[in-house]
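Hello,

Here is the structure I promised to pass on to you. Have a look at it first, and then read my notes below.

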Amino acid sequence: MRIPALLLILCLSACASAAPPPPPPPPPSGPGQAVLRDWRSIVTATDRDRYARSDAAWRLALEQARRQPGSGDLSSLGALIDPDAGRRDVTPPPGAYRCRTVKLGSQGGETGLGYVVYGWFACRIETTPRGLKFSKTTGSQRPSGLLFPEDDRHMVMLGSLALAAEPPANSYGQRPDRDLVAVLERIGDARWRLVLPWPQTESNLDLIELVPA
């Protein structure tokens with residue numbers, strides 16, 4: 001009689017020590033909210049290289065801009081052309097913006113303009129299920145793309161470019177000749193810039209200045 005009793009005791013002990021499985025963890029962003037992807041899992045090899053060489057683009061583009069003739073008033077741009085002007089709290093509020101493009105440096109070397117300061121156009125920042133999206137809505141060159149949080153001073157944009165009368169650009173990675181990578185920084189109380197290193201044509205660094213409309 002002792003052996004069956006001992007087996008019963010061991011069985012009860014094992015059952016009591018087996019804890020129930022833990023509940024599944026909650027979604028990272030809470031129920032019903034989108035989980036933003038990491039831009040590093042999306043970026044192409046070409047744009048990853050552009051991003052990694054951003055400092056070199058700044059150096060070359062500024063050196064050319066200060067040495068070669070250009071179009072517009074470079075001296076009036078202030079923090080826009082200061083590589084270290086980025087501030088905290090980078091995330092821009094959704095809404096309508098005025099924007100202008102400044103091209104620095106020349107892919108043609110000494111034969112091209114060192115800089116070009118363009119006029120103001122219309123842009124917007126909007127909230128989408130995939131995160132914030134930037135779009136330039138007027139002009140002959142209209143970049144747009146998603147803004148991915150990076151840290152308190154930077155967001156990374158992966159986007160594409162629409163030209164002339166083409167419909168708005170709405171894809172990344174489908175047309176390598178139109179893909180772009182940019183870094184968003186806040187450079188004033190209500191002033192931002194997108195920094196595009198090594199653009200596809202013309203310049204060595206493009207800046208898009210943004211101020212609320």
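**The disulfide and what surrounds it**

The link of Cys99 and Cys123 is right-handed, with 70 degrees about the S-S bond. Cys99 and Cys123 form a disulfide (a pair of cysteine sulfur atoms within 2.5 Å), with their sulfur atoms 1.9 Å apart. The structure holds one disulfide. The pair links distant parts of the chain, 24 residues apart: Cys99 sits in strand β1 (residues 95-104) and Cys123 in strand β2 (residues 115-128). Helices (H or I, at least four residues) and strands (E, at least two) are DSSP runs, numbered from the N terminus. Cys99 counts as buried because its relative accessibility is 0%, and Cys123 counts as buried because its value is 4%. Here buried means under 20% relative accessible area, exposed over 50%, and partly exposed in between (1.4 Å probe, protein chains only).

Before going on, a word on the model. This is a predicted model, in which local features need pLDDT of at least 70 and side-chain atom pairs count only at pLDDT 80 or more, while totals for chains, interfaces and linings use all residues. Residues are numbered from 1 along each chain as its sequence is written, and side-chain values use heavy atoms, with hydrogens and water left out. The mean pLDDT (the predictor's confidence in each residue, from 0 to 100) of the protein chain is 86, and 83% of its residues reach 70 or more. Over residues 1-33 the pLDDT is below 50, and this stretch has three contacts (heavy atoms within 4.5 Å) in the model beyond near neighbours in sequence.

Now the strands. Eight of them close into a barrel, in the order β1-β2-β3-β4-β5-β6-β7-β8, with antiparallel pairing; two strands pair if DSSP finds at least two bridges between them. β1 and β2 pair over nine bridges in the antiparallel sense, and Leu104 stands opposite Tyr115 in β2.

Enjoy looking around!
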